[in-house]
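Me: I would like to learn how to read the features of a model, one at a time. Could you take me through the terms first and then through the case at hand?

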Amino acid sequence: MTTLDHSTETTSPVADRGWRQVARDYIALTKPRIIELLLVTTFPVMFLAERGVPGLWLMVATLVGGTLSAASANTLNCYLDRDIDAQMHRTENRPLVTGAISPRAALVFGVVLGVISVVWLGLLVNWLSAWLGLGAIVLYVGFYTMLLKRRTSQNIVWGGIAGCMPVLIGWSAVTNSLAWPALILFLVVFFWTPPHYWPLSMRFKEDYAAAGVPMLPVVAEDIAVARQVVVYSWLTVLTSLALVPVAPMGWVYAVAALLFGAVFLVEAHRLLTRAKAGAVGKKLGAMRLFHFSISYLTLVFLAVAVDPLLFFALPF
């Protein structure tokens, strides 16, 4: 799964805060920017599964259920990682760290959101989507946050499986089944996660080191990390192209996957070049790849949605 941080500053006692501030604090726990990125991979897959425009209510119900599921996972992540967040500069103003929200309240909020998400998806979409949503929560909270994050430098690789689940949820919402196109797009997000998240970790590796989190950039040299970023970037692009014959996809998707994939690879190789030249900190430019990785995923999945609507078959 991929991480973008949101913090809400508050130093006033809980009793002195208005309901708007309280609402903002609870929303901050759900990490809205991460949810936006997850929905970017859910929505387009529904168009591909339908080979057209899905029903409006189905789209709304699926996106609401997916939002609740992701909000639950992110809230429980904040609850479990509040000790780490307190030691990292970029997360030190999160509501659980500042005391704006109590740990007990956050735990209850996260669990309630999770229960509602499963019931919502089960009753209004289908139960396959509901169980996939529950699986995403368990994977992110139990597998990544509790088991992997503090124990292995490969945490984001295997823990990122949770961030791939919205692809399967989007497909199953339309078809009540799973198929190879959905699994290929699942792998696209899986391979994309390291070259998305490791550049962020490179930029803030001092934070992770101070918090005792063994992210790969903390325990390995920048050159070694950049080499792995390049490998996973190639795997991402090649996997995205595998969708063309399997789905099958037309010219719109094929051109988008090639064009944006090429830029993605160029940025990954540039990061490696700067690492080999000895650049460090901001001069390494890791955040450049981090930001473009978001654009890459958004644009490729947008092409997934548009291609069935403007289908121009390839000559094979």
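Reply: Let us begin with secondary structure, where helices (H or I, at least four residues) and strands (E, at least two) are DSSP runs, numbered from the N terminus. By that reading, the place of proline 248 is in the loop between α13 (222-246) and α14 (251-276), and the peptide bond that leads from alanine 247 to proline 248 is cis, with omega near -10°. Please keep in mind that this is a predicted model, in which local features need pLDDT of at least 70 and side-chain atom pairs count only at pLDDT 80 or more, whereas totals for chains, interfaces and linings use all residues. Residues are numbered from 1 along each chain as its sequence is written, and side-chain values use heavy atoms, with hydrogens and water left out.

Me: How many helices and strands does the protein chain have, and what does its radius of gyration say about how compact it is?

Reply: The protein chain has 15 helices and 0 strands. The radius of gyration is taken over C-alpha atoms, and the globule rule used for reference is 2.2 Å times the number of residues to the power 0.38. Here the radius of gyration is 20 Å, close to the 20 Å that the rule gives for 316 residues, so the chain is as compact as a globular protein of that length. Along its principal axes, the C-alpha trace spans about 65 × 55 × 30 Å.

Me: What share of the contacts in the protein chain with a separation of 6 or more comes from residues 24 or more positions apart?

Reply: Contact means heavy atoms within 4.5 Å, and on that basis residues 24 or more positions apart account for 76% of the contacts with a separation of 6 or more. Alanine 257 belongs to helix α14 and, neighbours within four places aside, is in contact with Ser240 and Leu241.

Me: Is leucine 243 buried or exposed, and how many of the 316 residues, as a percentage, count as buried?

Reply: Buried means under 20% relative accessible area, exposed over 50%, and partly exposed in between (1.4 Å probe, protein chains only). Leucine 243, at 0% relative accessibility, counts as buried, as does alanine 257 with a relative accessible area of 1%, and 54% of the 316 residues of the protein chain count as buried.

Me: Where is lysine 31 placed, and what is its phi?

Reply: Lysine 31 sits in the loop between α1 (19-29) and α2 (32-50), where its phi is near 55°, a positive value in a residue other than glycine. Lysine 31 is buried, with a relative accessible area of 2%. Arginine 51, in the loop between α2 and α3 (56-80), likewise has phi near 55°, but arginine 51 is partly exposed, with a relative accessible area of 35%.

Me: How many disulfides does the structure hold?

Reply: A disulfide is a pair of cysteine sulfur atoms within 2.5 Å, and by this criterion the structure holds 0 disulfides. As for individual cysteines, cysteine 78 is buried with a relative accessible area of 3%, and cysteine 164 is buried with 0%.
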